[in-house]
Amino acid sequence: MAAARGGCWPWGSLLGLLGLVSAAAAAWDLTSLSCNFGAFCECDFRPDFQGLECDLAQHLAGQHLARALVVKALKAFVQDPAPTKPLVLSLHGWTGTGKSYVSSLLAHYLFQGGLRSPHVHHFSPVIHFPHPSHIERYKKDLKSWVQGNLTACGRSLFLFDEMDKLAPGLMEVLRPFLGPSWVVYGTNYRKAIFIFISNTGGEQINQVALEAWRSRRDREEIRLQELEPVISRAMLDNPHHGFWRSGIIEEHLLDVLVPFLPLQRHHVRHCVLNELAHLGLEPRDDVVQAVLDGTTFFPEDEQLFSSNGCKTVASRIAFFL
């Protein structure tokens, strides 16, 4: 199912990508800094922006803002020979809108080893930080892991999933690594990339999109300036978010807030057609309609947005073939 670098991944490969993410996440032992990947122990940072843009354009449904923001930020960062701080992206939106899909694509198109690269580090609260009572140990392990891996390879990617479920207080150990200082703990970290993913702000993003639709504004007219304040406020007001009282938001260490808009019926249709193509099947109107009929849309009156985006499209198609 792996695509050649420079090619495009089908949207339907999302489940496979997320499976690789989970497998990679489970493999990291935060207390060990050794590399067990043989030839991959040298930095394998090999950005392929043409492939990334191709994949996003073809398979990321309904996310004009996310697509443009991610590509622009990455290009500017990678092309800068001496960045003054690492690139820090925070991805926000409703479930199934493409946040995990995009983060998986970034690993694939930035590193030769993709998600299997030893320089791509994925953290899941459930796997790595399951017990809030152990937070002091987690903080020590996380700091050592980031510091040690940046010493080995400055071009590393750190991916933090489900920030809504991360114990508050843990992320404060990352503050020195995210800021504009030149060296931290003897480590040059300025070329690293940090990506944080959460559903926080999703309801606020949905409301902006709904108001735009009610005002008969085109979806593509929604701008980042409309969404940044409400996303920031949602994080600051959420005591369960991993950034709660970490200083990361207050010190403006997040370079780009990347909003993912809720998906409408034609976006879900796009996902179904992509998945059928991935399976080597011709478009089938009956399958498309069956998936749409089984999808819940909201609000109750307008029935406008998919309640779970495209998250369950691949699994549902199997029932109708």
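In the predicted model, the axes of helices α8 and α9 come within 9 Å and cross at roughly 150°, where axes are lines fitted to C-alpha atoms, for helices over the stretch in contact, and angles run from 0 to 180 degrees between N-to-C directions. That angle makes α8 roughly antiparallel to α9, the term being applied to angles over 145 degrees, while angles under 35 count as roughly parallel, 65 to 115 as roughly perpendicular and the rest as oblique. The crossing of α8 past α9 is right-handed, that is, the near helix is turned clockwise from the far one by less than a right angle. On the α8 side, Gln 204, Ile 205 and Val 208 meet Glu 226, Leu 227, Val 230, Ile 231 and Ala 234 of α9, contact being defined by heavy atoms within 4.5 Å. The residues of this contact divide into 6 nonpolar, 1 polar and 1 charged; Ala, Val, Leu, Ile, Met, Phe, Trp, Tyr, Cys and Pro count as nonpolar, Asp, Glu, Lys and Arg as charged, and the others, Gly among them, as polar.

Helix α8 itself (residues 202–214) has 13 residues and reaches 18 Å from its first C-alpha to its last, close to the 18 Å expected at 1.5 Å a residue, a span taken as 1.5 Å times one less than the number of residues. Its buried residues (under 20% relative accessible area, with exposed over 50% and partly exposed in between, for a 1.4 Å probe and protein chains only) are Gly 202, Ile 205, Asn 206, Val 208, Ala 209, Leu 210 and Ala 212. These buried residues pack against α9 (224–236) and also against the strands β1 (87–93), β5 (256–260), β6 (297–298) and β7 (305–306). Following α8 is Arg 216, whose phi is positive, near 60°.

Residues are numbered from 1 along each chain as its sequence is written, and side-chain values use heavy atoms, with hydrogens and water left out. Because the model is predicted, local features need pLDDT of at least 70 and side-chain atom pairs count only at pLDDT 80 or more, whereas totals for chains, interfaces and linings use all residues.

Key. Helices (H or I, at least four residues) and strands (E, at least two) are DSSP runs, numbered from the N terminus.
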